[in-house]
Amino acid sequence: MNAWRNFKEGVWCDEINVSNFIKLNYTAYDGDASFLEGPTQRTKDVLEKVKELLIKENENGGVLDIDTEKVLSILSHKPGYIDREKDIIVGLQTDEPLKRGVSPFAGYRNAVQACRAYGYEISDKVKDEFIYRTTHNTGVFRAYTDTMKKARHAGILTGLPDAYARGRIIGDYRRVALYGMDYLIEQKKADKNKIGEADVLDEETIHLLEDLSKQLDFMNQLKGLALDYGYDISKPAENAKEAIQWLYFGYLGAIKEQNGAANSIGRIAEFIDCYIERDFAEGVLDEKGAQELIDDLVLKLRLVRHLRTPEYNDLFAGDPVWVTLALAGVTGEGKSMCSKTSFRVLQTLYNLGPSAEPNITVLWSEHLPQGFKDFCAQVSIDTDSIQYENDDVMRRLFGDDYAIACCVSAMKMGKQMQFFGARCNLAKVLLMALNGGKDEIEGEQIAPEGEVFEEKVLDYDKVLTAYKKYLSWMAKLYVNTMNVIHYMHDKYAYERLMMSLHDTDVERLMAFGVSGMSVATDSLSAIKYAKVTPIKDERGIINDFKVEGEFPKYGNDDDRVDLIGKELIEYFYKELCKTPAYRGAKHTLSILTITSNVMYGKKTGATPDGRKAGEPFAPGANPMHGRDAEGALASLNSVAKLDYACCQDGISNTFSITPDTLGKNKREQIEHLTTMLDGYFAQDAHHLNVNVLNREKLIAAMNDPTLYPSLTIRVSGYAVNFNKLTREKQEEVISRTFHTSM
């Protein structure tokens with residue numbers, strides 16, 4: 001086959017196996033960044049048009065335009081371009097850049113509310129289409145129990161994907177480029193025929209047969225999308241430009257069909273590099289042209305938009321779509337997977353300027369070449385736009401061909417999918433345990449009735465016993481709530497194209513999450529080591545605490561408190577696993593809060609650690625703001641004690657350090673940051689967001705957005721343009737710990 005000319009053959013030639021293709025054909029690079037090229041004039045011209053559009057979008061309240069006349073889908077819109085004459089990689093979600101489409105399948109009412117929030121009304125045509133259609137949201141609330149609704153309303157369970165598309169499913173878009181759609185369709189048909197020949201067609205088998213029929217329909221529609229742009233993706237890509245274009249068409253079709261909470265593009269750099277190196281060898285591409293291809297792809301990814309409600313933005317601030325793109329890592333044999341294209345992706349942050357999207361994630365390993373580590377550190381220091389995850393930890397569980405969904409969650413490419421499920425508020429469950437199952441804010445009985453603690457010094461063992469009882473109850477409710485959500489999502493808003501780019505026999509993960517981990521940990525520590533006396537209001541509900549004496553605080557490398565947090569997470573995870581998950585999914589757990597710390601805090605009363613009612617939580621697995629007082633390394637050491645084995649959905653740590661603390665000059669800062677990352681991940685720590693900046697810069701940007709219009713910071717699992725945060729969320733970010741000593 002001409003498309004596969006000069007590639008090393010392997011099992012990938014006889015079956016769908018992109019991982020085998022990459023390992024046989026990528027070119028490892030252990031040099032530095034000196035080969036990189038700046039932007040071409042064409043790139044600069046297109047970038048200027050994008051900047052003008054982004055300014056207009058911002059001036060228009062954050063949404064430039066909405067097409068309310070039709071439902072967004074793969075073939076719903078005519079081709080769109082930034083600049084038809086200058087675009088190299090083509091394709092937009094609608095017919096114009098930054099115009100958002102309406103996708104009501106997850107929730108019609110939400111789509112209406114989102115339009116109205118920006119001054120638009122959904123057309124009568126769309127209304128008529130959905131009069132008799134059941135959406136995911138409608139199905140969920142038909143099945144929800146009263147207790148599920150109460151827990152959701154009170155904010156014990158928050159951010160559940162019951163009114164929006166769940167996201168976090170990563171199609172293996174590389175398959176489109178390597179095999180072409182005709183071969184992929186042929187394989188899906190063969191799978192469907194084989195499954196249909198079973199002696200007994202039970203419920204799950206019938207479910208799978210219907211899934212495959214839906215997948216095949218949308219696989220054919222993807223061919224139609226590409227033809228609209230003048231490309232035939234029925235056959236494999238024949239050069240680097242086609243490989244990127246084919247891959248991007250797969251991704252574009254997926255995000256036109258689904259407006260999920262996260263839309264990772266996966267692990268694509270080393271795959272693309274195979275084609276770039278072949279083009280180099282054939283003399284049809286040079287370094288400037290290779291960088292231009294990557295720049296143009298990234299520009300398209302920066303324009304991905306979904307239509308969201310204001311309530312969604314309260315949860316996930318900054319209008320993120322989490323186009324997570326994973327780089328490097330090593331093979332199972334210990335060989336670095338860093339290629340020149342790994343560098344080229346990072347170079348876009350210079351050529352195009354800092355940006356929150358795509359959510360660039362470096363899979364860090366002690367085996368990565370020093371030149372790549374140094375360039376990553378340089379990019380972090382200069383842009384605050386990338387995050388790091390521990391490849392040496394994840395590779396043990398996920399092999400060497402996994403990608404990151406949303407923020408920090410690993411999945412095997414094309415072999416695993418995820419049922420996403422937001423957060424359980426651990427701090428609020430503790431208050432519920434002290435109040436005998438009642439919500440401390442509204443006073444409603446939500447959990448089974450238990451003993452309300454008296455207004456006397458709390459006994460740690462007694463509190464812990466009650467807390468575990470309510471955590472067990474919470475875990476069961478959480479799993480069953482998720483089961484309802486994902487049953488209905490599969491039924492009414494199934495991700496047809498994304499799932500078609502997976503193996504038919506896919507492994508399912510169910511991703512649970514917690515918020516308030518550090519609040520709950522410090523609260524238990526206060527009860528154990530200080531004197532904590534509850535204070536009741538006129539309703540007889542505990543709504544405040546008197547704290548006397550000192551207690552060890554999470555984030556200072558003190559096992560007395562750090563191990564309380566570690567054991568708390570392990571206990572909750574084990575309780576989750578006791579309740580079976582929908583479609584046999586494997587339970588996973590994350591400590592991750594995105595930018596919802598303000599909202600979580602508002603829904604939570606005063607806590608025994610001295611935090612006042614309504615005050616924001618710390619992000620993810622971070623210590624509470626200002627409590628990690630023993631320096632940067634002690635703070636990192638505390639987080640590193642959390643066990644990834646029971647948190648395979650991720651342990652998010654957002655870390656801010658001032659430039660002067662890292663070193664006197666750039667060379668010293670790079671050396672110290674790479675050393676710090678090596679040391680942190682050597683402890684089997686999982687994740688680190690890195691911000692290298694001063695608090696004063698954020699304060700200045702908050703007070704005058706024109707000073708730093710493109711200021712990008714890492715928050716909790718993703719990056720955000722600081723100016724897109726509400727002032728309240730900006731103030732929460734500013735209140736976090738900025739380490740001024742190692």
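Let me start with a pair of strands: β16 and β17, residues 687-692, run parallel to each other and are joined over 4 bridges. Keep in mind that this is a predicted model. Within that pairing, T654 stands opposite N689 in β17. Strand β16 covers residues 654-657, and both of its faces are covered. T654 and S656 are buried on one side, F655 and I657 on the other. In a regular strand, side chains alternate between the two faces of the sheet.

Strand β2, residues 99-102, is also covered on both faces. K99 and G101 are buried on one side, and R100 and V102 are buried on the other. Its parallel partner is β1, residues 65-71, joined to β2 by 4 bridges. There, D67 stands opposite G101.

Now the cores. Which residues touch the most other members of the largest nonpolar core? They are F271, L426, Y467, I569 and F572, out of 187 residues. Helix α18, residues 460-492, gives the largest share of this core, with 16 residues. Apart from it lies another core of 36 residues, including Y312 and F738. Nonpolar side chains in soluble globular proteins tend to be buried together.

Take F572 as an example. Leaving aside neighbours within four places in sequence, F572 is in contact with C424, L426, L471, M474, A475, Y478, V514 and L589.

Next, the aromatic rings. The count comes to 32 aromatic pairs. Why is the pair of Y29 and F343 called edge-to-face? The ring planes stand at 80 degrees, and over 60 counts as edge-to-face. The centres of these two rings are 5.4 Å apart. Y29 sits in the loop between α1 and α2, while F343 is in helix α14, residues 340-351, so the pair links parts of the chain 314 residues apart. Y29 has 17% relative accessibility and counts as buried. F343 is buried too, at 0%.

Last, charges over rings. R308 lies over the face of Y312, 4.4 Å from the ring centre. The charged end of R560 sits over the ring of Y529, at 5.5 Å from its centre.

Key. Residues are numbered from 1 along each chain as its sequence is written. This is a predicted model: local features need pLDDT of at least 70, side-chain atom pairs count only at pLDDT 80 or more; totals for chains, interfaces and linings use all residues. Side-chain values use heavy atoms; hydrogens and water are left out. Buried means under 20% relative accessible area, exposed over 50%, partly exposed in between (1.4 Å probe, protein chains only). Helices (H or I, at least four residues) and strands (E, at least two) are DSSP runs, numbered from the N terminus. Two strands pair if DSSP finds at least two bridges between them. A nonpolar core is a set of buried Ala, Val, Leu, Ile, Met, Phe, Trp, Tyr and Cys residues joined through side-chain atoms within 4.5 Å. Contact means heavy atoms within 4.5 Å. Rings of Phe, Tyr and Trp (its six-membered ring) pair if their centres lie within 6.5 Å; planes under 30 degrees apart count as stacked, over 60 as edge-to-face and the rest as tilted. A charge sits over a ring if NZ of Lys or CZ of Arg is within 6 Å of the ring centre and within 35 degrees of the ring normal.
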